[in-house]
Amino acid sequence: YTNIGEMVIAINPFQNLNYFSSKLMRSFKECDNTTNMPPHIYSIAENAFRSLRCDGTSQSIIITGESGSGKTETTKYLMKYLASVSKSHKSLVPNQIQQTNPILEAFGNAKTVRNNNSSRFGKYIKMQFSSNSLTGASIVVYLLEKSRVVMQAKGERGYHVFYQLLAGATADMKRKYNLYEPQRYKYLSQSECYSVKGLDDEVQFFELKRALTDINIDENEQEKIWRTLAIILHLGNVEFVETPELKIKDMGAVELVSKLLRVKQEQFQDVLLYRANVINGEKIKSPNTIEQASDRRDALAKALYAGLFHWLIKRINDITNDPKASSVIGLLDIFGFEDFKDNSFEQFCINFCNEKLQHHYNQHVFKWEIEEASKEGIVYPSVSYQDNQNILDLFEKSPLGIFYLLDEECAFPKGTDATFHSKVVSTHKSNPAFQVPKVSKYNFCISHYAGNVTYSLNGFLNKNKDNLSEDCVSLLLTSKSEFLRTLVPKVHLRRGKVMQLIFKPCLLYTSPSPRDS
């Protein structure tokens, strides 16, 4: 650790060091001034708690950095510190709050090529206080990487919970849900990566079950969770062939999924093989192509997983949230900046979020401080810094920002990734922050504050639309399982919805003046 003003810079040693002992916690809690202490994230937590206690004003801590830099672990240590230094009137509160970590990591984290425990969603955790005591917590999540449910790059894994379930399931669970080794599931076998060095999925499964129990999710509800995960795994094994009409390759997979979904097999089969169009007020069935049927299958899997994930977040908040809390310390754990061999829509959104935070940093540390000093007649030394406003304009400025062009292309019936690429290139080819690789098809490169990143536009339109067809929604609503029906999206994601999800966490940290930062 080292300090730069109010910030702590951390370098991940990728090994366990004795930097987080109870004794060290007490040292920071009992010190007169944290500036006399060595650089540490505990100083950030202690300063936030002291400001909250003395001024009664809510505080915010931003944890940011590139993928694999240790943000998730840092967030956990901050939560642990705040739980330890603030006396709680409710003895169960600190434990319940900390027990949310294994749940969030199981369902929201995965192995990537850069990080064995990468958070594939963003979260804003509000640690709630009354009379200087920790009384609760609530979590806001955004931008869950749903595509990881159905596809991963080589050397990566899907979400941890799938492997934990398969490793830790009892014999009865394996029989009831037809659970086998991960190699037998298409959604898990594409990447050819099934284990993580130093991670015991079976042990993690039992820790997950204990954490769920601690936040009052009983065995009956846990069984519903495992059933939903099994449905998703078996959905991936529903494959199609054209002979020449479209057929399902293995009816056994359809029969199994229908049974677990508790829907009629014929209706499930029809939803995959056909799509309903309304022409002149008349509903007409049209056969799907292999690509369309596969997209529907994957959309169902992603919708079920996202529904389950958000159900869990709601349950956590129902248990830990204190609506009467007088103040909060917010922890923003955002995706790290990403630059992989292949960068798609997910990296595009993640890196945009990081550009927004970098802009906030520039304003807070440089622009606003200089303006404030000038207003007070203070001679401020000349400071040069890289303003990334031009990059943000490239992404989001109306009406020609890339996100706006993407939404516009999604609205056209014949819009494709190729036409979108053509429109983006023709609009921004003269922008110095935008380049087009000479030999790459449907790619472009953006000069981010952290470096150049090349994005592949394949799949951009489908991921931005991210909608579940009415046929699929109707199918899920016919399920005899009340739990599965609660997972159905209440509001379908329309074009532009992703922008709202991106802006939400960024707006949490948009301050009108340096005094309010």
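The following legends describe close-up views of a predicted model.

**View 1. Strand 12 and the burial of its residues.** Strand 12 spans residues 327–333 and is mostly covered, with seven of its seven residues buried. Ser327, Ile329, Leu331 and Asp333 point one way from the strand, while Val328, Gly330 and Leu332 point the other way. In a regular strand, side chains alternate between the two faces of the sheet.

**View 2. Strand 12 with its partners, strand 3 and strand 6.** Strand 3 (residues 59–63) pairs with strand 12 in the parallel sense, over five bridges. Within this pairing, serine 60 has glycine 330 of strand 12 as its bridge partner. Strand 6 (residues 122–130) pairs with strand 12 in the antiparallel sense, over seven bridges. Here isoleucine 125 stands opposite leucine 331 of strand 12. Both glycine 330 and leucine 331 are buried, and they point in opposite ways from strand 12.

**View 3. An open sheet of three strands in the order 13-14-15.** The pairing in this sheet is antiparallel. Strand 13 (434–435) and strand 15 (451–456) stand at the edges with a single partner strand each, so one side of each has no neighbour in the sheet. Strand 13 and strand 14 (residues 443–448) are joined over two bridges, and glutamine 435 has cysteine 445 of strand 14 as its bridge partner. Helix 16 (residues 389–396) packs on the sheet and touches strand 13 and strand 14. The direction of helix 16 makes about 150° with that of strand 14.

**View 4. Two aromatic pairs among the 27 found in the whole structure.** A pair of aromatic rings is described by the distance between the centres and the angle between the planes. Tyrosine 19 and phenylalanine 20 form an edge-to-face pair, with 6.5 Å centre to centre and 65° between the planes. Tyrosine 19 counts as partly exposed because its relative accessibility is 41%. The rings of phenylalanine 434 and phenylalanine 444 have centres 5.2 Å apart and planes at 35°, so this pair is tilted.

**View 5. Charged side chains over tyrosine rings.** The charged end of arginine 157 sits over the ring of tyrosine 163, 4.0 Å from its centre. Lysine 285 lies over the face of tyrosine 274, at 4.7 Å from the ring centre.

View 6. Leaving aside neighbours within four places in sequence, phenylalanine 107 is in contact with Tyr159, Val161, Leu208, Ile225, Leu229, Tyr305, Leu308, Phe309 and Leu312.

Note on methods
Residues numbered from 1 in each chain as written. Predicted model: local features only at pLDDT ≥ 70, side-chain atom pairs only at ≥ 80, totals over all residues. Heavy atoms only, no water. Buried < 20%, exposed > 50% of the residue type's maximum accessible area, 1.4 Å probe, protein only. Helix = DSSP H or I, 4+ residues; strand = E, 2+ residues; numbered from the N terminus. Pairing = 2+ DSSP bridges. Contact = heavy atoms within 4.5 Å. Axes fitted to C-alpha atoms, helices over the stretch in contact; angles between N-to-C directions. Phe/Tyr/Trp six-rings, centres within 6.5 Å; stacked < 30°, edge-to-face > 60°. Lys NZ or Arg CZ within 6 Å of the ring centre and 35° of its normal.
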